[in-house]
Amino acid sequence: MKTFLQTLLSQVPGIALGITGGVALTFTTLESRVEQLLDAKLEAQLARLRPLVQSRPAPAPVVTQAEDSRQELRLIREQLAVLAARPPAPAPPPEPEDDVRPAPTPDPVEASRQGQQVLAEALGRGRWTEADQQRFHQALRGGTREELEALEQRLSLAINSGQLRPVLGDEQ
């Protein structure tokens, strides 16, 4: 199967004579007229393709890491190195196999209030320490599962949005 260009080149002598009305042309004149024909065909093709291209969504921009991102990655790597060098913590007591939660305290509302207070204090400081984590989970032991999930979601959103920065034990 011939390509468009091969077909066009095979037709150049006939096209040239047809364009000029049978008058012989110099190669330069012939070349410029063929270029004009090709340009016209390309413009027609482009006009048909332009609506297709405009209807497609724009490609996602290429994101390069800013200096802040590189510094954050460096800090994360340093924190991971500190954690890796830290001796392992004693194993927590085994949890019951039937996933039984401790019995709620007499006042689940008070447990929820304490958990919210720990979270509010940490948000005020902008840091989430290991002590905050211990107080938070201690307070929520007496609450309902729904309240625990809601407060943990608030905590997760605060950390992911940058309102809270987890702090290692050495940094406190």
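## A salt-bridge network

The side chains of Arg 125 and Asp 132 come together in a salt bridge, with N and O 2.2 Å apart. (A salt bridge here is a side-chain nitrogen of Lys or Arg within 4 Å of a carboxyl oxygen of Asp or Glu.) Are these two partners buried or exposed? Arg 125 is partly exposed at 39% relative accessibility, whereas Asp 132 is buried at 2%. (Buried means under 20% relative accessible area, exposed over 50%, and partly exposed in between, with a 1.4 Å probe and protein chains only; the areas come from the Shrake-Rupley method.) Salt bridges that share partners link Glu 121, Arg 125, Asp 132 and Arg 135 into one network.

Before going on, note that this is a predicted model, in which local features need pLDDT of at least 70 and side-chain atom pairs count only at pLDDT 80 or more, while totals for chains, interfaces and linings use all residues. Residues are numbered from 1 along each chain as its sequence is written, and side-chain values use heavy atoms, leaving out hydrogens and water.

## Salt bridges within helices

How many salt bridges does a search of the whole structure find? The search finds five. One of them joins Arg 74 to Glu 78, with the closest N and O atoms 2.6 Å apart. These two residues sit four apart in helix H3 (residues 67–85), so about one helical turn separates them. (Helices are DSSP runs of H or I, at least four residues, numbered from the N terminus.) Arg 74 is partly exposed at 39%, and Glu 78 is partly exposed at 40%.

Helix H4 holds another pair: Arg 113 and Glu 110 are three residues apart, about one turn of the helix. The closest N and O atoms in their salt bridge are 2.5 Å apart. Arg 113 is partly exposed at 41%, and so is Glu 110 at 29%.

## The nonpolar core

The largest nonpolar core has eleven residues, among them Trp 128, Phe 136 and Leu 151. (Such a core is a set of buried Ala, Val, Leu, Ile, Met, Phe, Trp, Tyr and Cys residues joined through side-chain atoms within 4.5 Å.) Helices H4 (108–125), H5 (130–140) and H6 (145–160) each give two or more residues to this core. The largest share, four residues, comes from H6.

## A negative patch

(Patch residues have over 30% relative accessible area and no salt bridge, and like charges are joined within 9 Å; Asp and Glu count as negative, with the charge placed at CG of Asp or CD of Glu.) Glu 31 lies in helix H2 (residues 27–55) and is partly exposed, at 38%.
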